[in-house]
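Colleague: Could you walk me through this structure, one step at a time?

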Amino acid sequence: MAPKNDIPAYVLGVGLTKFIKPRGLREYPEMGYEAGVKAMLDAQINYDDVETGIACYCYGDTTSGQRVFYQFGMTSIPIYNTNNACATGSTGLHLARTLIKNGAIDCAMVIGFEKMEPGSIKSKWSDRPSPMGLSAKMMYELSGKERGPPNPQYFANAGREYMEKYGAEARDFAEIGRISHVHSQKNPYAQFNQVYSLEEIETSPMIHYPLTKLQCSPTSDGAGAAVIVSQSFLDARPHLKSQAILIAGQSLMTDTPELYSRSAMQLVGYDMTKRAAQAAFKEASVSPKDIKVCEVHDCFSANELILLDGLGFSEPGKAHEMVRRGDITYGGQVVVNPSGGLISKGHPLGATGLAQCAELSWQLRGWANNRLVGGADVALQHNLGLGGAVVVNVYKRADGGVNKEVSDEEIKKSSWLGYNPAVEARGISKEDAERVRSRTCKSQWAMGDTEQRLAARL
């Protein structure tokens, strides 16, 4: 193998748009632009500092990334366009860290965005073999082909397998959905902020047993961004060390032949998740018991329960007992998805990994003061895509400390944003954008109608 460098990489700035129902109200250039401007304001940089752009999306034409990034400036930097199913955003983070870790660059900006269609996720390529075709064939052989979209079937079948093997019950999955909706009420970016009782979760429309509608993530429009920097870049800005978050461990993995072992749980990446988590924990020199807060890929409640097992938070086959003890929310063993997760926050595919990164950055900084998981010094992110890919990131504070609550007033004084973005979802002004757009290579033509659209929203 080629020799590897080991330059630390940090999340210095993050930005999000509010996640909304896909109703054609926003276009991807303006969403990506808003998230990117916010991330650069948060990192207190100018686009001229960015050496590589990484665009993350699943539904969109080639070079959509350039359409977004050119709005900040046409500085001729490399721009990558990535698509790795639902793990696309975190794949962008992996690419950024790999470039920095090996000394190729000092500053990258990753932007994930998605403009989706209402209803379940659908393939756009009916004239060629599906990358999920062989998995679908095996699923139908194992469980039969039922009406409706395949994604809920994959995860519902995996949940049923866990029930049959270990004694979990349908109510355990419903409880995960209930907790997700409770958490999201304090996230200003979440698509859903309504709280539901356990009975309301259980009696919402059945999608695929045991999953009801309120246990399934929606399709969404939205964008997220992160500025990733090297040690030397951070050292030149010591006043930002308290907000910088170290990517202490990271693993992007794909499937082994275990995928086709005729197990519904393996068809949704159980083994892949387990291997990636172990690798990320090892690199970061931590274990699951060190994690107090995490954002995991709860596209369906059944997946969250299986992930508690695969990530090592529970003993094998005991994840449902962890749910019953209240060990996945505040006051328990680990707070899972304080943002509300995909179920409640929403799931614009390319932006999901960036939203997870933003939430955990705000948690470790102490900025998420209305939903803070106090006393945390390590956080875990898990982002999964069927087909398949999984990314697990382990984060630590750059100063090696433990998070403490930071007041909105303190943040307002030090931030270029002028408010606390963890608890307030504001738009951006033209003045905000001009502070971070390229000083030498910006093009008004490249903006299209983005400024008008954003002004109308303000």
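This is a predicted model: local features need pLDDT of at least 70, side-chain atom pairs count only at pLDDT 80 or more; totals for chains, interfaces and linings use all residues.

Colleague: Is R371 buried or exposed?

Modeller: Buried means under 20% relative accessible area, exposed over 50%, and partly exposed in between (1.4 Å probe, protein chains only). R371 has 3% relative accessibility, so R371 counts as buried.

Colleague: Which backbone nitrogen does the side chain of N403 reach?

Modeller: N403 is in the loop between strand 12 (389-397) and helix 15 (408-414); helices (H or I, at least four residues) and strands (E, at least two) are DSSP runs, numbered from the N terminus. The side chain of N403 reaches the backbone oxygen of Q363 at 2.8 Å. At 2.7 Å, that side chain also reaches the backbone nitrogen of A376.

Colleague: Why is strand 12 described as largely enclosed by the rest of the structure?

Modeller: Strand 12 pairs in the antiparallel sense with strand 8 (residues 245-253) over 8 bridges, and two strands pair if DSSP finds at least two bridges between them. Strand 11 and strand 12 also pair in the antiparallel sense over 8 bridges. Strand 12 is largely enclosed because its buried residues number 8 of the 9.

Colleague: How many residues apart in sequence are the parts that the pair of Y28 and F113 ties together?

Modeller: Rings of Phe, Tyr and Trp (its six-membered ring) pair if their centres lie within 6.5 Å; planes under 30 degrees apart count as stacked, over 60 as edge-to-face and the rest as tilted. A search of the whole structure finds 8 aromatic pairs. Among them, Y28 and F113 are stacked, 5.4 Å centre to centre with 15° between the planes. Y28 lies in helix 1 (residues 28-43) and F113 in strand 4 (residues 107-114), so the parts tied together are apart in sequence by 85 residues.

Methods
Residues are numbered from 1 along each chain as its sequence is written. Side-chain values use heavy atoms; hydrogens and water are left out. A polar contact is a pair of N or O atoms within 3.5 Å; within protein, one must be able to donate a hydrogen and the other to accept it, and residues adjacent in sequence count only if both atoms are side-chain atoms.
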